[in-house]
Amino acid sequence: MDVTREEIMDTLLREVGKCRACRFCVDVCPAYQATEGIESMSPYGRLQILKYLLNGTLDEDDPSVYCLYSCLQCGRCDLLCQAKGQNLEVSNLIRLGKYLLSQGLVKGKRNEKV
Amino acid sequence: MDVDIKKLAKDLSKIMGKEHVFTDKPTSVVYAKDTMPWDLEERNIPYAVVRPGNAQEISKLLQYANEKLIPVHTHGSGTSLVGLARPKTNCIVLDTARMKDIRVYPERGYFEAGPGIHLAQLRKELGKYNALLPVFPGSELVATLGGTIAVNTSAHGVDAALGKPGDFILGFELVLPTGEIITTGTESTRRPAGIDPTKFFIGSEGLLGVLTLLRMRLIPLPYFQHIVASYRTTEDILDTVMEMYKQRIFPPLFFEYLDEMAAKIGYEAVGLAEPEGAVAMMRIHSWSKAGCEERAGDFLKFLQGGSPTEARIVTDLHEWNKIWSSRAEAGNYMYRLGMTFGSEISPRVDKLREAFRDAKSFILNLDSYQGNEFISFGHIGAPTIHAYAFLRTKDIPNDVKKAVALEMREKSEDLNIKYGGCGGEWGLTAQRVSFLKKKYEKEVYEVLVKIKKALDPNDILNRGNLQGWM
């Protein structure tokens with residue numbers, strides 16, 4: 001089955017848009033812990049950055065890439081979100097976001113209509 | 001307002017070191033977003049996020065902000081449910097996350113902690129000293145001590161049984177909006193009588209100063225007993241709470257209820273047999289084992305004098321944990337399947353039944369959305385009704401989300417006014433300013449504005465919250 005780039009990005013945007021911003025996931029994140037609690041280096045923060053990249057609020061730049069790639073894919077946030085929140089596969093969403101970025105498919109404001 | 005971001009970053013870096021100053025947009029949007037179900041606008045996004053490490057750095061920051069007339073918005077963990085955490089105007093966000101040291105002094109009868117410590121971490125630390133943290137919000141994993149005391153919120157029925165967390169505060173170190181560092185209160189376990197400034201800052205919602213150190217009494221960990229009771233209808237539980245107050249029975253530390261739908265969902269989620277109606281669950285406390293057992297026995301007798309279909313003491317902790325977690329699971333079910341829009345209605349206790357009936361009626365007849373369901377649970381012993389509009393979809397346009405949230409806010413506040421309540425958990429500014437103005441004489445709001453102006457003449461701290469900006 002052919003899936004278009006737009007469909008992938010649309011699905012991803014819809015999924016990350018489900019994050020309630022409860023931030024319950026932040027404390028279990030090793031990157032968040034290592035940075036003494038910088039929220040843009042947390043699972044919650046990465047989901048927000050991804051959302052705002054996809055909807056065109058943010059441009060792809062060094063800080064957004066740095067924050068997204070600070071994810072170690074340990075999956076601890078997934079367990080928290082399943083237990084306390086929206087049941088999002090947080091680390092998979094971030095992985096997919098990173099993939100789209102690396103392929104040059106997400107380009108912030110240049111993709112405003114995504 | 002035109003702000004040179006590069007110059008701002010340079011100036012702020014001189015105050016607290018460049019590693020603690022962020023002017024990149026990704027970090028700014030992450031800190032600006034809060035739990036409100038609608039998106040940010042450009043005016044919500046801060047110029048910079050700073051993470052000071054002590055009162056001296058905050059003092060310099062606030063002096064600088066006053067000189068440049070740039071607002072500063074304090075940030076604990078951003079979990080406010082009435083929009084306190086979202087910046088209302090472009091500003092500098094002051095994140096307290098680095099100030100999280102804890103020092104426990106058993107020989108002095110208190111502990112001191114920074115405002116940025118998360119409650120779950122603090123509870124764990126106090127547990128080593130067999131001490132109770134008298135605060136139990138649903139956001140405990142991430143809610144900060146500073147935010148909790150700034151709103152003076154405790155959740156469950158803790159208010160009725162023990163008091164507000166502010167009642168255990170002995171003193172502060174804090175920075176006034178104009179940058180002066182002051183200390184308040186006492187190092188004794190006996191709180192000052194009279195005009196102790198400590199109390200001006202408890203529950204001041206970050207409008208009057210930035211808390212940099214909190215001193216709080218060590219409370220011995222009590223013994224607990226647990227009770228679960230089933231009822232044919234939610235109304236029977238409301239009657240029980242009304243009767244409890246009427247008979248002047250000391251309220252349990254926790255007295256929660258799940259309405260018929262919430263009980264069914266929650267019990268199923270944790271693998272318990274489906275209840276026939278609504279469920280109430282209580283945690284009784286006392287500082288001796290015998291005293292706790294006696295209180296639980298007395299409370300059970302009181303419940304059995306009402307109309308439960310079953311009421312019993314749960315001694316198996318594993319079973320209690322299942323029963324207790326059914327509350328959270330009822331909420332999680334709704335979060336997973338759709339969207340919820342909540343309310344906090346704390347009526348005069350003899351009006352509980354009427355307030356519940358009115359809440360159900362308006363939620364099932366919203367103007368901003370049709371087809372939602374009604375579900376309720378909450379800290380009924382306090383008494384608080386959390387009545388929710390549950391929408392079985394997440395696919396809702398931003399403007400509809402905002403309209404539903406605001407309609408829920410306005411109509412539940414009308415019930416707080418109609419039935420003599422004020423709410424007990426969410427603070428009174430930001431989205432609740434319209435309630436504040438409606439509920440009390442206009443002079444009450446004017447007094448708050450005067451106090452704010454006296455301490456913060458340039459309206460630097462948390463600008464827009466007292467004005468009720470969205």
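# Close-up views of a predicted two-chain model

**Figure 1. Arg23(A), a buried loop residue of chain A.** Arg23(A) counts as buried, because 27 C-beta neighbours lie inside 10 Å. The structure shown here and in the following views is a predicted model. The loop that holds Arg23(A) runs between helix H1 (5–16) and helix H2 (30–34) of chain A. Its backbone has a positive phi of about 65°, although Arg23(A) is not a glycine. For comparison, most residues other than glycine have a negative phi, and most peptide bonds are trans.

**Figure 2. The helical fold of chain A.** Chain A contains six helices and zero strands, and its pattern along the sequence is α-α-α-α-α-α. Of its 114 residues, 47% count as buried. Among the contacts in chain A with a separation of 6 or more, 64% join residues 24 or more positions apart.

**Figure 3. The contact between chain A and chain B.** Chain A contributes 25 residues to this contact and chain B contributes 23 residues. On the side of chain A that touches chain B, helix H3 (43–54) and helix H4 (62–68) of chain A each supply at least two residues. H3(A) provides the largest share of that side, four residues. By class, the residues of the side of chain A that touches chain B comprise nine nonpolar, nine polar and seven charged.

**Figure 4. Domain 1 and domain 2 of chain B.** The domain assignment divides chain B into domain 1 (5–95), domain 2 (102–220) and domain 3 (223–418). The centres of domain 1 and domain 2 of chain B, taken over C-alpha atoms, are separated by 23 Å. Where these two domains meet, 13 residues come from domain 1 of chain B and 18 residues from domain 2 of chain B. On the side of domain 1 that touches domain 2, helix H3 (residues 55–68) of chain B gives the most, with six residues. That side of domain 1 has five nonpolar, eight polar and no charged residues.

**Figure 5. The surroundings of Thr96(B).** Thr96(B) is located in the loop between strand E4 (92–95) and strand E5 (102–105) of chain B. This threonine counts as buried, because it has 26 C-beta neighbours inside 10 Å. Leaving aside neighbours within four places in sequence, the contacts of Thr96(B) are Thr74(B), His75(B), Gly76(B), Pro115(B), Gly116(B), Thr144(B) and Gly146(B). Val50(B) is 46 residues apart from Thr96(B) in sequence, and the two are 8.8 Å apart in space, C-alpha to C-alpha.

**Figure 6. Packing of helices H8 and H12 of chain B.** Two packed helices are described by the angle between their axes and the distance between the axes. For helix H8 (residues 234–246) of chain B and H12(B), the angle is about 150° and the axes are 9 Å apart. H8(B) and H12(B) are therefore roughly antiparallel to each other, because angles over 145 degrees count as such. From H8(B), Thr234(B), Glu235(B), Leu238(B), Val241(B) and Met242(B) meet Leu352(B), Arg353(B) and Phe356(B) of H12(B). The contact of H8(B) with H12(B) has five nonpolar, one polar and two charged residues.

**Figure 7. Helix H13 of chain B and its packing partners.** Helix H13 (residues 398–418) of chain B has 21 residues and should span 30 Å at 1.5 Å a residue, which agrees with the 30 Å between its end C-alpha atoms. Buried residues in H13(B) include Val404(B), Ala405(B), Met408(B) and Leu415(B), and also Lys401(B), Arg409(B), Lys411(B) and Glu413(B). The buried residues of this helix pack against strand E16 (339–341), helix H12 (352–363), strand E18 (386–391) and helix H14 (433–439) of chain B. Just after H13(B), Gly420(B) adopts a positive phi of about 75°.

**Figure 8. A cis peptide bond in chain B.** The bond from Ala382(B) to Pro383(B) is cis, with omega near 5°. Pro383(B) is placed in the loop between strand E17 (373–378) and E18 of chain B.

**Figure 9. Asp459(B), after helix H15 of chain B.** Asp459(B) belongs to the segment after helix H15 (442–455) of chain B. Although Asp459(B) is not a glycine, its phi is positive, at about 50°. Asp459(B) is partly exposed, because 18 other C-beta atoms lie within 10 Å.

How values were computed
Residues numbered from 1 in each chain as written. Chains lettered and ligands numbered in written order. Predicted model: local features only at pLDDT ≥ 70, side-chain atom pairs only at ≥ 80, totals over all residues. Expected span 1.5 Å × (residues − 1). Buried ≥ 20, exposed ≤ 12 C-beta atoms within 10 Å, placed from the backbone. Contact = placed C-beta atoms within 7 Å. Nonpolar A, V, L, I, M, F, W, Y, C, P; charged D, E, K, R; others polar. Domains from an automatic or database assignment. Axes fitted to C-alpha atoms, helices over the stretch in contact; angles between N-to-C directions. Parallel < 35°, antiparallel > 145°, perpendicular 65-115°, else oblique.
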